[in-house]
There are 2 protein chains.
Amino acid sequence: MNAGIVYGVGVGPGDPSLLTVRAAEILRLVDAVVAPVAAEGRRSLALEIARPYITPGCRLITPVLPMTEDSEVLTDSWRNAAELLAGEARAGGGAAFVTLGDPMLYSTWGYVAGALMSIAPEIRRETVPGVMAMAACAASAGVPLAQGREPLLIWPDEPSILQRTALSTVPNVVFMKAARHMEQLAELAEDSGRTAVAVRSVGRPGEALTHDLLSWVGQTDYFTTVLMRRPVEQEGEGR
Amino acid sequence: MNAGIVYGVGVGPGDPSLLTVRAAEILRLVDAVVAPVAAEGRRSLALEIARPYITPGCRLITPVLPMTEDSEVLTDSWRNAAELLAGEARAGGGAAFVTLGDPMLYSTWGYVAGALMSIAPEIRRETVPGVMAMAACAASAGVPLAQGREPLLIWPDEPSILQRTALSTVPNVVFMKAARHMEQLAELAEDSGRTAVAVRSVGRPGEALTHDLLSWVGQTDYFTTVLMRRPVEQEGEGR
């Protein structure tokens, strides 16, 4: 029924109940789940989130997709994951590549799907969208990401590279992987008259939230998100 | 069990299978579903998407939240919706306010939740995040929204207001409610050397996709999204 198909499945931000109905259905159907890990022996958070939906007979494969900037190493690792997926799909049962949040936003699925297309163009690919971390952080904090005609900027890089001109254009900014930048972000919020809230481990044990960014200087949770927002009474300025 | 609680439930972009497991569960439990409509007698797309999960005994309430810029009319309509929700919650069975996509991104839930907090602070509120339209559009188009360290800008307003400085800072832009701007967007993509793809009615009957934006000049689907992306070989420029 799923012969020759590979799914890129977003498992959402952390809470297993935030998988989509479709993602849960696919995980129950496939013969193999492929979940990348950062190094040999490391756990896959995406796999942990998906686990309640995976059937006992399903094969679990955890290829290493290292965190490196070496493009040759990366290309090889994407190709390796694509070959594993192609092998599983050809065996006839369907394979799911699981990824945190949404597969089309800062996920390796984009690269792995590209590699799969080059090595096995005959294999069907389907991407199953997922809930993004920023949506769960906003829900936890009770703060909208953006409303009405306000633009929203997602910033996954050093805050220092964010130009003032860009910042003046957008009232709302989401900073991802923000743990190492708390001091800079506190300063940026204060200088620009924005409110800020930081959320870590959203939807998982240890979830925490603070409006005092400086109190989190030194904490290292990789999945720390900062939502910055210009107060509503100033809406429309700078646009 | 759900006495005194109001849920803001994101139903995702269109396909009912893209509701989260949690959203489906809440819809099965509540005694009332509140789904805003743009005018008396109009249908609610969010309600149609949620319908497969709603039980036969559940009350369906469709208050009018008009599409207007008149802030007094808007404030009244949010307050009215909040009062309906408060009434249902006090009756003891729990009430769900359903909203397209995610409740914290360009949704009236932010306003209605604010009104609910002022008129009935004792009632618990829970926001249930949903899959955003842009995630489903990217999945359909097979194009990542952003990868690696690339920022992403969500732009729900006139493309003409987007300043060149901001555009040079971000390689990837999502234009929402883009149907009326196809000519401008085609020009913007060409001038800035970006690839563009437009998707409409994603996950619903009539879903369509085009890389030729000009071929959609004159079509009026309110839920038309344009994904613009700087080709990968030019990544890093302008940052």
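Modeller: A rotation of 180 degrees with 0.0 Å of shift along its axis places chain B on chain A, at an RMSD of 0.0 Å.

Biologist: What should I know about the model and its numbering?

Modeller: This is a predicted model: local features need pLDDT of at least 70, side-chain atom pairs count only at pLDDT 80 or more, and totals for chains, interfaces and linings use all residues. Residues are numbered from 1 along each chain as its sequence is written, chains are lettered from A and ligands numbered from 1 in the order written, and side-chain values use heavy atoms, without hydrogens and water.

Biologist: How do you know through which surface the copies meet?

Modeller: 100% of chain B's interface residues are also interface residues in chain A, so the copies meet through the same surface.

Biologist: Why is Cys137(A) called buried?

Modeller: Buried means under 20% relative accessible area, exposed over 50%, partly exposed in between (1.4 Å probe, protein chains only). Cys137(A) has 2% relative accessibility, so Cys137(A) counts as buried. Cys137(B), at 1%, is buried as well.

Biologist: How many disulfides does the structure hold?

Modeller: Zero, over all chains. The test is a pair of cysteine sulfur atoms within 2.5 Å.

Methods:
Least-squares fit on C-alpha atoms with pLDDT ≥ 70 in both. Contact = heavy atoms within 4.5 Å.
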